[in-house]
Amino acid sequence: MNRVSQPNFVNVFELPVSDFKVQPEELDEEQPIIFVSSNASDAKITKYFINDGSTYTKENFEHSFESIGQTYPMIVQVVINSNGCSDTSFKTLKIKPAFSI
């Protein structure tokens, strides 16, 4: 049996860590505006996807939902480091109902 040795054949790289903060944490139906800020580490590229069809490539941004409807707003962050490794996290926002009598 012949054996072939390949030094440094497998490279293992550190993964980036996806993490972000949304303010406010509970969305107001009457003023559905949020501010998103990244807390990701080792991210060269940061992308956000919102389930209303919006996308962002800035680490921090403000977003206004045109209509909340029956769907809970969800935000997904994808980060990619300089080695091409990625990590993903998501948050589903709670909706504070409008006051009514």
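Nonpolar surface patches are made of residues with over 30% relative accessible area and no salt bridge, with nonpolar side chains (Val, Leu, Ile, Met, Phe, Trp, Tyr) joined within 5 Å. The model is predicted: local features need pLDDT of at least 70 and side-chain atom pairs pLDDT 80 or more, while totals for chains, interfaces and linings use all residues. Residues are numbered from 1 along each chain as its sequence is written, and side-chain values use heavy atoms, with hydrogens and water left out.

**View A. Phe 9, Val 10 and Val 12 make a nonpolar surface patch.** The patch covers about 390 Å². Val 10 belongs to the segment before β1. With a relative accessible area of 64%, Val 10 is exposed (exposed, over 50%; buried, under 20%; 1.4 Å probe, protein chains only).

**View B. An open sheet is formed by 3 strands in the order β1-β3-β6.** Their pairing is antiparallel (strands are DSSP runs of E, at least two residues; two strands pair if DSSP finds at least two bridges between them). β1 (20–23) and β6 (61–64) are the edge strands, each with a single partner, so one side of each has no neighbour in the sheet. On average, neighbouring strands are turned by 25° against each other, direction ignored.

**View C. Strands β1 and β3 run antiparallel.** They are joined by 4 bridges, and β3 spans residues 33–38. Val 22 has Val 36 of β3 as its bridge partner.

**View D. Ser 38 is a residue of strand β3.** Ser 38 counts as buried, at 17% relative accessibility. The side chain of Ser 38 reaches the backbone nitrogen of Ala 40 at 3.2 Å.

Definitions and conventions:
Axes fitted to C-alpha atoms, helices over the stretch in contact; angles between N-to-C directions. Patch = residues over 30% accessible without salt bridge, like charges linked within 9 Å, V, L, I, M, F, W, Y side chains within 5 Å. Areas by Shrake-Rupley, 256 points an atom, 1.4 Å probe, with all protein chains shown as cover. Salt bridge = Lys/Arg side-chain N within 4 Å of Asp/Glu carboxyl O. Polar contact = N/O pair within 3.5 Å; in protein donor to acceptor, adjacent residues only side chain to side chain.
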